[in-house]
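Trainee: Please take one part of this model and describe it closely, together with what surrounds it. I would value a connected account that I can follow on the structure itself.

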Amino acid sequence: MDYKAILFGSIGTLIETSDLQRESFNEAFKEAGLDWYWDQEDYRLLLKQSGGTKRIEDFAEKNNVNVNASQIRNRKTEIFSSFIIKNKQKLRKSVDEILKYTKDNNIKLAFSTSTTLNNVDAVFESLSGQIAKEDFDFIGNKSFVKNEKPHPEIYKVTLDKLNLQPEDCIAIEDTQVSLNSAVKAKLKCFIFPGNFHRSKKFNGAFKEINKINKNIFKS
């Protein structure tokens, strides 16, 4: 089948984010006056729980501490954006190859994320010279939807903006939660897990891949 678009679903499909996310949580804890510190092993285990706010709530309950989990999560997101910009990022392995392929073959490209606009802007600023907003036919963010992932709303918005049907597209995701969003939108989804997710089993993915190339269009 000739696919008409590829939909990158999350920041983590473009850059490796796991350890930056972890460091951002730790900085937010420090600012909130908490003596919490999540090392890499801790964070891998905590990732089994979807949603940063829920992770904070569960961790606080376990430690018998009352916190404003939503406020800490929001501050963590701000810190994460600044970390991305300050520590210039590289595109994940092989992403540049598929971006070139889509351009050369007139295949549409979307960034179907439901994260904040600040995070989206930070990603493109950090990747300046490697990728640009102009490379994409649609870029989503939290303002486009009422329901964040794993709800399929951002994918439905993407399809509407591109004037395409689910069967016209391939989605790329990096976590189970985001994969669920694509599957609910009836999209064929390849899972492209980051460093902290590679040992997991994923439900609903068409195939797990460790690099992205034109062969996915032949699958």
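Mentor: The buried residues of helix α7 pack against α1, α5, β2 and β3 (138-139). Those buried residues are Asn119, Val120, Ala122, Val123, Phe124 and Ser126, within a helix that spans residues 117-126. Buried here means under 20% relative accessible area, exposed means over 50%, and partly exposed lies in between (1.4 Å probe, protein chains only); contact means heavy atoms within 4.5 Å. Helices (H or I, at least four residues) and strands (E, at least two) are DSSP runs, numbered from the N terminus.

The model is predicted: local features need pLDDT of at least 70, side-chain atom pairs count only at pLDDT 80 or more, and totals for chains, interfaces and linings use all residues. Residues are numbered from 1 along each chain as its sequence is written, and side-chain values use heavy atoms, without hydrogens or water.

Two of the partners of α7, β2 and β3, belong to an open sheet of six strands in the order β3-β2-β1-β4-β5-β6, with parallel pairing (two strands pair if DSSP finds at least two bridges between them). Because β3 and β6 (207-208) stand at the edges, each with a single partner strand, one side of each has no neighbour in the sheet.

Next in this picture comes strand β1, residues 5-8, which is covered on both faces: Ala5 and Leu7 are buried on one side, and Ile6 and Phe8 are buried on the other. In a regular strand the side chains alternate between the two faces of the sheet. Strand β1 runs parallel to β2 (residues 108-111), and four bridges join the two. Within this pairing, alanine 5 has lysine 108 as its bridge partner, while phenylalanine 8 stands opposite phenylalanine 111. Four bridges also link β1 to β4 (residues 169-173), again in parallel. There, isoleucine 6 is bridged to isoleucine 170.

A nonpolar core is a set of buried Ala, Val, Leu, Ile, Met, Phe, Trp, Tyr and Cys residues joined through side-chain atoms within 4.5 Å. The largest such core has 49 residues, and those with the most contacts inside it are Phe8, Ile172, Ile212 and Ile216. Helix α5 gives the most to this core, namely six residues. Apart from it lies another core of 20 residues, including Phe138, Ala171, Leu179 and Cys189. Leaving aside neighbours within four places in sequence, isoleucine 216 is in contact with Ile6, Ile98, Ile170, Ile172, Phe190 and Ile209. In soluble globular proteins, nonpolar side chains tend to be buried together.

Further along the sheet, isoleucine 191 lies in β5 (residues 188-191). With 0% relative accessibility, isoleucine 191 counts as buried. The C-alpha atoms of isoleucine 191 and glutamate 208 are 4.7 Å apart, although 17 residues separate the two in sequence. Beyond its neighbours within four places in sequence, isoleucine 191 is in contact with several residues, among them Glu173, Leu179, Phe202, Glu208 and Ile209.

At least two lining residues each come from α1 (11-14), α2 (18-31), α4 (52-62), α5 (69-86) and α9 (176-184). By class, the lining has nine nonpolar residues (Ala, Val, Leu, Ile, Met, Phe, Trp, Tyr, Cys and Pro), 11 charged ones (Asp, Glu, Lys and Arg) and 24 polar ones (the others, Gly among them).

Asparagine 64 sits in the loop between α4 and α5 and has a positive phi of about 55 degrees although it is not a glycine. At 74% relative accessibility, asparagine 64 counts as exposed.
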